[in-house]
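Here is a short report for a first look at this structure. Keep the view open as you read.

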Amino acid sequence: MAEIVELQRNSANWVKVVDDIVRIEKKIFPKHESLARSFDEELKKKNSGLLYTQLGEDIAGYVMYSWPSSLSACITKLAVKENYRGQGHGEKLLKAAVQKCRTRNVHRISLHVDPTRTAAMQLYKKLGFQVDTLVEGYYSSDRNAYRMYLDFDME
């Protein structure tokens, strides 16, 4: 049974979980987009969080998020191992991260996505994210990104 777990800064399995996630990160993202070398520092920032899907001993995927201000949050990474894709893990992780951000009463969550990553684009749109603009050269000189956002109605 899949379980979404929040990585706690003082958890006994911190090193193992971070090592597993770094391995996923290296496999999925090109070297210049990977946070593999700075993952530990990224996660130690007080305004960031990480959720991961645990399946037995295996980590199926993870989502990193941060809230740089009291009004906005960012999904900085969302990744699911290839053999676990198409099973709803990405959607569950994204929904859980959105929920975590909402508890901070942010007005907007933003993210960047490669327009050629069709499955990711469909998932973000399914959960209500809208394309804001095309950011040319975001990933590299020849790879652009869409900046997408999800706004919340404030009562």
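pLDDT is the predictor's confidence in each residue, on a scale from 0 to 100. The chain has a mean pLDDT of 89, and 94% of its residues reach 70 or more. This is a predicted model, in which local features need pLDDT of at least 70 and side-chain atom pairs count only at pLDDT 80 or more, while totals for chains, interfaces and linings use all residues. Residues are numbered from 1 along each chain as its sequence is written, and side-chain values use heavy atoms, with hydrogens and water left out.

**Strands**

Helices (H or I, at least four residues) and strands (E, at least two) are DSSP runs, numbered from the N terminus. Among the elements of the chain, strand S5 (residues 108-113) has the highest mean pLDDT, 96. Helix H2 (residues 39-44) has the lowest, 73.

Two strands pair if DSSP finds at least two bridges between them. S5 pairs with strand S7 (residues 143-151) in the antiparallel sense, over 6 bridges. Arg 108 has Asp 151 as its bridge partner in S7. Strand S6 (residues 130-140) and S7 also run antiparallel, joined by 6 bridges. There, Thr 133 has Arg 147 as its bridge partner in S7. A hairpin of 2 residues links S6 to S7.

**Aromatic rings**

Rings of Phe, Tyr and Trp (its six-membered ring) pair if their centres lie within 6.5 Å; planes under 30 degrees apart count as stacked, over 60 as edge-to-face and the rest as tilted. By this rule there are 3 aromatic pairs. The table gives two of them.

| Pair | Centre to centre | Angle of planes | Type |
|---|---|---|---|
| Tyr 124 and Phe 129 | 5.9 Å | 65° | edge-to-face |
| Tyr 138 and Tyr 139 | 4.9 Å | 90° | edge-to-face |

Buried means under 20% relative accessible area, exposed over 50%, partly exposed in between (1.4 Å probe, protein chains only). Tyr 124 and Phe 129 are both buried. Tyr 139 is buried at 17%. Tyr 138, at 40%, is partly exposed.

A charge sits over a ring if NZ of Lys or CZ of Arg is within 6 Å of the ring centre and within 35 degrees of the ring normal. Arg 143 lies over the face of Tyr 139, 4.6 Å from the ring centre. Arg 108 lies over the face of Tyr 149, at 4.0 Å.

**Ser 48**

Ser 48 lies in strand S2 (residues 48-55). Its relative accessible area is 7%, so Ser 48 is buried. Contact means heavy atoms within 4.5 Å. Beyond residues up to four places away in sequence, Ser 48 touches Arg 9, Glu 42, Leu 43, Tyr 65, Ser 66 and Trp 67. Ser 48 and Ser 66 are 18 residues apart in sequence, but 4.0 Å apart in space, C-alpha to C-alpha.
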